[in-house]
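Reader: Could we go through the cross-links of this structure together? I would like to begin with the disulfides.

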Amino acid sequence: MTFRPPLRRSLLLAIALASLAAFAASPARADRCDDIAGQLKNGIDGLGVGRTAAGVIFLSHPQAKELSLGCSSKNFSNQLYARSPMRKPKPAFLDLVAGAAAIIFTLPKDDMRKGASRCMRALGFFRDDASTRYRRLDMRCSRTKADASITISRRVNE
(Lines give C-alpha, C1' and ligand atoms only; values in the text may rest on other atoms or scores of the structure.)
Protein backbone atom coordinates (compact mmCIF):
# COMPACT_ATOMS: atom_id res chain seq x y z
CA MET A 1 0.00 0.00 0.00
CA THR A 2 1.48 3.33 -1.03
CA PHE A 3 0.30 6.76 -0.02
CA ARG A 4 -0.49 9.38 -2.55
CA PRO A 5 2.19 12.15 -2.84
CA PRO A 6 0.18 14.98 -1.11
CA LEU A 7 -0.69 12.68 1.80
CA ARG A 8 2.91 11.47 2.06
CA ARG A 9 4.22 15.06 2.29
CA SER A 10 1.78 16.01 5.01
CA LEU A 11 2.54 12.81 6.92
CA LEU A 12 6.30 13.46 6.72
CA LEU A 13 5.75 17.06 7.81
CA ALA A 14 3.69 15.92 10.81
CA ILE A 15 6.38 13.40 11.83
CA ALA A 16 9.12 16.03 11.48
CA LEU A 17 7.20 18.53 13.59
CA ALA A 18 6.41 15.92 16.25
CA SER A 19 10.05 14.86 16.50
CA LEU A 20 11.17 18.49 16.64
CA ALA A 21 8.74 19.17 19.48
CA ALA A 22 9.86 16.05 21.35
CA PHE A 23 13.55 16.90 21.17
CA ALA A 24 13.26 20.66 21.59
CA ALA A 25 14.88 22.09 24.70
CA SER A 26 12.43 22.87 27.45
CA PRO A 27 12.67 26.31 29.05
CA ALA A 28 15.31 26.55 31.75
CA ARG A 29 13.91 26.54 35.26
CA ALA A 30 15.72 27.57 38.39
CA ASP A 31 16.58 24.92 40.91
CA ARG A 32 14.48 24.72 44.08
CA CYS A 33 17.56 25.60 46.13
CA ASP A 34 18.18 28.71 44.01
CA ASP A 35 14.56 29.73 44.58
CA ILE A 36 15.04 29.43 48.35
CA ALA A 37 18.23 31.50 48.15
CA GLY A 38 16.31 34.20 46.28
CA GLN A 39 13.58 34.15 48.92
CA LEU A 40 16.23 34.48 51.64
CA LYS A 41 17.78 37.48 49.87
CA ASN A 42 14.39 39.17 49.54
CA GLY A 43 13.26 38.30 53.07
CA ILE A 44 16.34 39.20 55.14
CA ASP A 45 17.94 42.63 55.03
CA GLY A 46 21.68 42.67 54.43
CA LEU A 47 21.86 39.07 53.19
CA GLY A 48 24.03 38.41 50.17
CA VAL A 49 23.94 35.30 47.98
CA GLY A 50 27.34 34.06 46.91
CA ARG A 51 28.56 31.23 44.74
CA THR A 52 27.27 27.68 44.58
CA ALA A 53 29.62 24.75 44.97
CA ALA A 54 28.80 21.05 45.40
CA GLY A 55 25.18 21.62 46.36
CA VAL A 56 25.93 24.39 48.87
CA ILE A 57 25.02 28.04 48.35
CA PHE A 58 27.25 30.35 50.35
CA LEU A 59 25.51 33.33 51.92
CA SER A 60 26.85 36.38 53.72
CA HIS A 61 25.48 38.63 56.45
CA PRO A 62 27.12 41.05 58.90
CA GLN A 63 25.85 39.12 61.93
CA ALA A 64 27.35 35.80 60.82
CA LYS A 65 30.94 34.77 60.29
CA GLU A 66 29.84 32.00 57.93
CA LEU A 67 26.41 31.21 56.52
CA SER A 68 25.40 28.57 53.99
CA LEU A 69 22.36 26.82 52.56
CA GLY A 70 22.77 23.13 51.77
CA CYS A 71 20.63 21.76 49.00
CA SER A 72 18.94 18.40 49.13
CA SER A 73 21.02 15.26 49.19
CA LYS A 74 20.39 11.63 50.06
CA ASN A 75 20.32 12.33 53.83
CA PHE A 76 18.55 15.69 54.22
CA SER A 77 16.15 17.86 52.25
CA ASN A 78 17.64 21.25 53.16
CA GLN A 79 20.26 22.41 55.61
CA LEU A 80 21.15 25.77 57.13
CA TYR A 81 24.59 26.29 58.64
CA ALA A 82 25.46 29.47 60.52
CA ARG A 83 28.56 30.35 62.51
CA SER A 84 28.69 33.24 64.94
CA PRO A 85 31.85 35.29 65.36
CA MET A 86 31.48 35.07 69.16
CA ARG A 87 31.43 32.18 71.62
CA LYS A 88 28.11 33.38 73.05
CA PRO A 89 25.94 34.47 70.11
CA LYS A 90 24.10 37.78 70.25
CA PRO A 91 20.30 37.86 69.97
CA ALA A 92 20.68 39.45 66.51
CA PHE A 93 22.52 36.32 65.32
CA LEU A 94 19.77 34.06 66.67
CA ASP A 95 17.21 36.31 64.99
CA LEU A 96 19.06 35.92 61.67
CA VAL A 97 19.14 32.12 62.05
CA ALA A 98 15.46 32.04 63.00
CA GLY A 99 14.46 34.19 60.02
CA ALA A 100 16.47 32.10 57.57
CA ALA A 101 15.19 28.81 59.00
CA ALA A 102 11.61 30.10 58.88
CA ILE A 103 11.96 30.82 55.16
CA ILE A 104 13.77 27.58 54.33
CA PHE A 105 11.57 25.20 56.31
CA THR A 106 8.32 27.25 56.07
CA LEU A 107 7.73 27.39 59.80
CA PRO A 108 6.92 30.39 62.03
CA LYS A 109 9.88 32.60 62.92
CA ASP A 110 9.00 32.60 66.63
CA ASP A 111 9.17 28.80 66.70
CA MET A 112 12.54 28.82 64.95
CA ARG A 113 13.89 31.40 67.39
CA LYS A 114 12.71 29.24 70.29
CA GLY A 115 14.34 26.12 68.83
CA ALA A 116 17.65 27.85 68.01
CA SER A 117 17.91 29.46 71.43
CA ARG A 118 17.03 26.15 73.10
CA CYS A 119 19.84 24.46 71.19
CA MET A 120 22.33 27.18 72.15
CA ARG A 121 21.27 27.03 75.81
CA ALA A 122 21.98 23.30 75.80
CA LEU A 123 25.65 24.17 75.48
CA GLY A 124 26.95 24.37 79.01
CA PHE A 125 30.17 24.84 80.92
CA PHE A 126 31.36 21.30 80.23
CA ARG A 127 29.38 20.69 77.06
CA ASP A 128 30.54 22.11 73.72
CA ASP A 129 28.28 20.07 71.45
CA ALA A 130 24.51 19.50 71.61
CA SER A 131 21.92 17.96 69.32
CA THR A 132 18.18 18.50 69.67
CA ARG A 133 14.99 17.82 67.71
CA TYR A 134 12.44 20.57 67.39
CA ARG A 135 9.40 20.62 65.10
CA ARG A 136 10.74 17.66 63.05
CA LEU A 137 14.04 19.48 62.51
CA ASP A 138 17.47 18.32 63.59
CA MET A 139 19.41 21.08 65.33
CA ARG A 140 23.07 20.66 66.18
CA CYS A 141 24.91 23.37 68.07
CA SER A 142 28.61 23.45 68.83
CA ARG A 143 31.15 25.94 69.99
CA THR A 144 34.87 26.36 70.20
CA LYS A 145 36.98 28.84 72.14
CA ALA A 146 36.37 31.51 69.50
CA ASP A 147 32.94 30.93 67.95
CA ALA A 148 29.64 29.05 68.02
CA SER A 149 27.75 27.35 65.19
CA ILE A 150 24.33 25.91 64.53
CA THR A 151 23.18 23.48 61.85
CA ILE A 152 19.48 23.04 61.16
CA SER A 153 18.35 20.30 58.79
CA ARG A 154 15.35 18.18 57.91
CA ARG A 155 15.67 14.52 57.06
CA VAL A 156 14.53 13.35 53.62
CA ASN A 157 11.86 11.00 54.93
CA GLU A 158 10.07 13.72 56.94
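Reader: What pattern do the disulfides of the protein follow?
Author: With bonded cysteines counted along the chain, the pattern is 1-2, 3-4. Here a disulfide is a pair of cysteine sulfur atoms within 2.5 Å. Please note that this is a predicted model, in which local features need pLDDT of at least 70 and side-chain atom pairs count only at pLDDT 80 or more, while totals for chains, interfaces and linings use all residues. Residues are numbered from 1 along each chain as its sequence is written, and side-chain values use heavy atoms, with hydrogens and water left out.

Reader: How many disulfides does a search of the whole structure find?
Author: The search finds two. In one of them, Cys 33 is joined to Cys 71, with the sulfur atoms 2.0 Å apart. This pair links distant parts of the chain, 38 residues apart: Cys 33 is in helix H2 (residues 32-43), and Cys 71 is in the loop between strand S3 (64-70) and S4. Helices (H or I, at least four residues) and strands (E, at least two) are DSSP runs, numbered from the N terminus.

Reader: Why is the disulfide of Cys 33 and Cys 71 called left-handed?
Author: Because the torsion about its S-S bond is about -85°.

Reader: And which cysteine forms a disulfide with Cys 119?
Author: Cys 141 does, and their sulfur atoms are 2.0 Å apart. That link is right-handed, with 140° about the S-S bond. Cys 119 lies in helix H4 and Cys 141 in strand S6, 22 residues apart.

Reader: Is Cys 119 buried or exposed?
Author: Cys 119 counts as buried, at 0% relative accessibility. Buried means under 20% relative accessible area, exposed over 50%, and partly exposed in between (1.4 Å probe, protein chains only). Cys 141 is likewise buried at 0%.

Reader: Changing topic, how many salt bridges are there?
Author: The count comes to 12 salt bridges, each being a side-chain nitrogen of Lys or Arg within 4 Å of a carboxyl oxygen of Asp or Glu. One of them pairs Arg 87 with Asp 128, the closest N and O atoms being 3.8 Å apart. Arg 87 lies in the loop between strand S4 (76-84) and helix H3 (91-105), and Asp 128 in the loop between helix H4 (109-121) and strand S5 (129-134), so the pair ties together parts that are 41 residues apart in sequence.

Reader: Which residue forms a salt bridge with Asp 111?
Author: Arg 135 does, with the closest N and O atoms 2.6 Å apart. Arg 135 is partly exposed, at 41% relative accessibility.
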